[in-house]
Amino acid sequence: MELPIDHFRLLGVGPSTDAQSVLHSLQQRLTRPPDEGFSQDTLEAREQLLRASADLLSDEQRRASYEAALTALNASSDPVMPALDVPSPREVAGLLLLLEAGQAIDCFELASRSLQPPQAPALGSSREADLTLLAGLAGLAGAEEYHHQRRYEAAAQTLQQALQLLQRMGQRPELRERLQRNLERLTPYRVLDLLSRDRASGAERREGLALLEQMVERRGGLEGERDPDLNNEEFQAFFQQIRSFLTIQEQVDLFSRWGDSGSKAANFHASIALTASGFAQRKPERIVAARDRLVASDRPAIEPLLANLHLLLGDVDRARSSFEAGADEALRQWAAGQSSDPLAQLCAYCRDWLNRDVLTGYRDLDGDADLEAYFSDRDVVNFVEREDRRRGRLQGAAPATPAAQPTRFSPATAGPDLGAPLASDFSGDFGSSFDRPFGSPFSTTSVSDPIVQQSRHLQPEEEEEEAEGWSLGSWQRPEWLRWPEGGDRGAVVKPWLLAGVGAIALAIGGAWLLKPRPGSPPPPGPVTKLSVVPPTQPPSSGTAAPTPSAPAGKVADQPPSAPAPGTPAPSPSRPTALTMASPSAPQLQQVLEAWLNAKASVLAGQPTPAGLDQIARPEAIARLETERREDAGRGQKQALNIQVKDVQIRSSTPARIVIAAELAYSDSRNDISGTVLERTAPTTLHNLYIFGRDGQTWRLAATRPDG
């Protein structure tokens with residue numbers, strides 16, 4: 001056998017070592033033989049080889065001749081290297097010296113070859129045992145050498161080959177265990193090596209993903225602690241490092257599978273990956289899945305993150321509620337520093353969250369949180385419209401009666417001339433949003449607001465968009481709600497988007513509403529870094545601006561001005577039902593004024609007036625009372641001032657009347673002490689109001705802006 005080594009390296013001395021030092025090195029090597037359990041024959045052959053090298057290097061004449069041969073070999077243009085010819089009885093000893101000289105990889109290859117037929121030694125012989133031991137030790141040392149070179153997959157292959165060889169030989173169980181443990185310890189490095197390769201290396205990347213799943217399974221899941229070689233802190237650092245080598249879809253698949261197995265941490269990170277995928281690829285369905293995963297993660301203080309997901313789904317009301325429920329003082333102050341408008345604050349927080357925590361850490365994504373482009377996408381628009389219709393049918397459905405076609409609000413009392421359900425024209429919000437300026441701090445405009453719900457309550461078959469001239473296609477978004485010019489962003493938006501997506505468009509239309517003010521820090525809040533242990537303290541998230549409320553009215557003879565802080569609203573008189581078959585515009589105005597007056601009283605802290613159900617349907621009263629309870633929970637009141645300046649009848653049937661009203665409006669929000677928290681300057685509104693006839697009584701059914 002030829003060993004790829006020269007006499008100097010075999011003995012462990014340098015070319016400049018003198019004869020005396022050569023003999024000293026020989027003595028040290030002989031007195032310190034390896035103690036791994038080699039046979040006496042191998043140790044004796046080792047000693048003979050060492051003495052032979054020492055004899056040559058200590059003989060001046062023979063050494064000079066050998067050095068000349070080495071010099072000539074090195075000067076040769078052929079790629080050759082020095083080698084020693086070892087007789088067959090001393091081959092195992094020569095391989096042992098090769099291992100001691102630090103050439104473990106060469107030793108492993110030669111030892112493995114010697115154990116294969118036809119060179120395989122006799123079964124049960126000391127030669128077989130020594131070669132097997134040598135192959136195992138060389139495999140360990142060779143893998144360590146590859147590890148230092150950061151060739152992790154080569155190290156793993158060496159360990160696997162050595163392990164298979166020892167298993168085939170059926171020897172050295174303790175050495176096999178060492179090989180297996182080293183192979184397991186190498187797994188994180190192998191995963192990093194395989195996943196960091198080019199995406200065209202499909203087989204290698206698939207192997208890396210399989211190893212990652214095995215690694216997580218071995219530790220007992222993301223939250224497990226069964227891996228003695230990688231504690232939680234080290235595992236989190238490792239996972240953060242490899243995330244940037246994973247694509248969005250790979251992360252979605254991995255975290256979703258682990259989440260389905262019961263991992264709450266995986267559900268949280270699946271939510272983040274699904275959000276990134278849904279936003280970047282304009283697939284709101286994935287954001288719905290992200291919302292479900294986030295809830296399933298059962299993490300504390302997730303409400304601000306839920307608010308971001310609701311916002312991306314166009315559900316502004318739920319976004320505001322979630323933000324308010326979970327935001328702490330730090331986040332509330334940060335949001336207030338971005339804009340004074342609550343919806344713009346939500347947009348700013350969502351945009352920062354997307355840029356900072358969601359759209360980062362993927363191999364195949366380098367995106368920007370462009371909310372304007374997202375809400376302009378056709379798929380997003382279609383999704384929001386579809387969800388609005390679905391929710392509207394669920395909210396407005398009522399049992400049919402033999403007497404009449406069912407309506408969404410009062411099927412039992414709907415007259416035969418009602419035509420299409422009133423809710424297909426407007427929602428059951430009954431003016432709670434559109435009695436005040438669109439986009440004002442108190443506005444409750446959202447996908448649950450009237451202008452959106454007119455789409456929600458369309459007939460399931462959608463045979464007709466609107467009844468009696470109320471065509472969805474006839475609506476155009478005002479200029480002040482249009483996207484900035486360019487491409488399709490200046491196109492007309494369907495009316496059902498005016499409340500939800502339209503409100504978001506208004507908030508994000510000006511870049512200053514979304515971009516952090518110069519020098520402002522990022523918002524405090526839950527971070528998306530892998531955390532396999534639930535935090536002991538809820539992550540900082542923030543509080544929201546006050547929940548927007550619906551304005552009511554106070555009839556005044558003079559142009560309105562903001563009421564003085566703390567001024568109690570007058571108690572309205574008991575509303576009078578309107579029962580004549582064909583009421584006039586002044587009579588309808590009286591009912592509208594009574595409703596607005598009652599709303600102003602309730603939102604100012606007064607009890608709900610008796611008999612209010614004589615002029616408004618139950619849904620409106622319930623919403624008004626809910627809004628007042630929310631204000632009371634925050635220790636706040638609203639002071640509203642609305643003057644009905646003009647009313648005109650737009651259309652009239654025996655079961656439905658539509659009026660157009662011009663309103664002079666102002667409001668303020670005050671705390672218990674009367675301090676003004678927010679104020680809306682005097683402005684003029686133009687709204688449309690639907691009155692439906694329930695039996696013999698006309699009651700307010702719905703409202704929307706006129707324009």
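Q: Which residue is the bridge partner of V644 in strand 4?
A: In this model, which is a predicted one, V644 has L663 as its bridge partner in strand 4.

Q: How many bridges join strand 3 to strand 4, and which way do the two run?
A: Strand 3, which covers residues 636–652, is joined to strand 4 by 15 bridges, and the two strands run antiparallel.

Q: OK, and what about strand 4 and strand 5?
A: Those two strands also run antiparallel, with 14 bridges joining strand 4 to strand 5, which spans residues 676–694. One of the pairings is that of A661, whose bridge partner in strand 5 is N687. Strand 4 and strand 5 form a hairpin as well, with 4 residues between them, and G674 in that turn has a positive phi of about 95°.

Q: Switching topic: how many residues are in the largest nonpolar core?
A: That core has 58 residues, and L11 and L95 are the ones with the most contacts inside it. Its largest share comes from helix 8, residues 152–169, which contributes 10 residues.

Q: What is L95 in contact with, leaving aside its neighbours within four places in sequence?
A: With those neighbours set aside, L95 is in contact with M1, L3, C107, L110, A111, S114, L131 and L134. Apart from this core lies another one of 45 residues, and I272, V316, Y349 and W353 are among them.

Q: Now the loops: where is P118, and what kind of peptide bond joins P117 and P118?
A: P118 is found in the loop between helix 6, residues 104–114, and helix 7, residues 126–148. The peptide bond that joins P117 and P118 is cis, with omega at about 5°.

Q: What about R150, is it buried or exposed?
A: R150 counts as exposed, because its relative accessibility is 65% and the cut-off for exposed is over 50%. This residue is found in the loop between helix 7 and helix 8, and R150 has a positive phi of about 65° although it is not a glycine.

Q: And R282, buried or exposed?
A: R282 is buried, because its relative accessible area is 18% and buried means under 20%. R282 lies in the loop between helix 14, residues 264–280, and helix 15, residues 284–296, and its phi is positive too, at about 55°, although R282 is not a glycine.

Technical notes: Residues are numbered from 1 along each chain as its sequence is written. This is a predicted model: local features need pLDDT of at least 70, side-chain atom pairs count only at pLDDT 80 or more; totals for chains, interfaces and linings use all residues. Side-chain values use heavy atoms; hydrogens and water are left out. A nonpolar core is a set of buried Ala, Val, Leu, Ile, Met, Phe, Trp, Tyr and Cys residues joined through side-chain atoms within 4.5 Å. Buried means under 20% relative accessible area, exposed over 50%, partly exposed in between (1.4 Å probe, protein chains only). Contact means heavy atoms within 4.5 Å. Two strands pair if DSSP finds at least two bridges between them.
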